Amino acid sequence: MKNIEDIFREKYEKYAKLLFRIAFIQLGSTHDAEDVLQNVFMKLLYNAPKFKDDEHEKAWLIRVVQNHCKNVLKSSARKNNCELNNEIVSDNEADITAALDISMKIKALPPNYKTAIFLYYYEDLTTDEISKILKISKSAVKMRLKRGRELLKSELEEYKYE
């Protein structure tokens, strides 16, 4: 029989990277993303509802990360700084400059578009899965993806021929 520490460790190992990336994309700061991650796992440990399955748990965690990120962004104490984290953006040294540039342009998107783009392209979630996680309609997800791509398209013209 697993104890609470083992269960918590398994959940942390399973979800921490995904949740950290979402927080980092939203906040642009490693420090703030780590704080959000800590708060989310504390909430999971002490205030989590009963989950139907792993997908329900994952959706709940992503939603909690988003809510914590919104709170951080609203905070008047928030410093407007943006760190570059090579580990998150790309593992290939040859593409690091382009990947960082593209990552920064994604981070500059409005939060709704940024989250949809990240979940769809970086986490390979379907529009149905994103719809359930964000608690919006499938057509709203498609619209956020479309508008996010349109905003990125003009910003990424310089990579058109690469």
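Reader: In helix α1 of this model, about how many helical turns separate R9 and D6?

Author: The model is a predicted one, and in it the side chains of R9 and D6 meet in a salt bridge, with N and O at 3.1 Å. Both residues belong to helix α1, which covers residues 4-27, and they stand 3 residues apart there, so the separation between R9 and D6 is about one helical turn.

Reader: Is E57, which forms a salt bridge with K11, buried or exposed?

Author: The closest N and O atoms of K11 and E57 are 2.7 Å apart, and the pair links distant parts of the chain, with K11 in helix α1 and E57 in helix α3, 46 residues apart. K11 is partly exposed, having a relative accessible area of 25%. For E57 the relative accessibility is 4%, and because buried means under 20%, E57 counts as buried.

Reader: How many residues apart in sequence are the parts that K14 and D54 tie together?

Author: The side chains of K14 and D54 meet in a salt bridge, at 2.8 Å from N to O. K14 lies in helix α1 whereas D54 lies in helix α3, so the parts tied together by this pair are separated in sequence by 40 residues.

Reader: How is α6 oriented relative to α8, roughly parallel or roughly perpendicular?

Author: Helix α6 (residues 111-122) packs with helix α8 (residues 138-155), their axes being 8 Å apart and the angle about 100 degrees. Since angles of 65 to 115 degrees count as roughly perpendicular, the orientation of α6 to α8 is roughly perpendicular.

Methods: Residues numbered from 1 in each chain as written. Predicted model: local features only at pLDDT ≥ 70, side-chain atom pairs only at ≥ 80, totals over all residues. Heavy atoms only, no water. Axes fitted to C-alpha atoms, helices over the stretch in contact; angles between N-to-C directions. Helix = DSSP H or I, 4+ residues; strand = E, 2+ residues; numbered from the N terminus. Parallel < 35°, antiparallel > 145°, perpendicular 65-115°, else oblique. Salt bridge = Lys/Arg side-chain N within 4 Å of Asp/Glu carboxyl O. Buried < 20%, exposed > 50% of the residue type's maximum accessible area, 1.4 Å probe, protein only.
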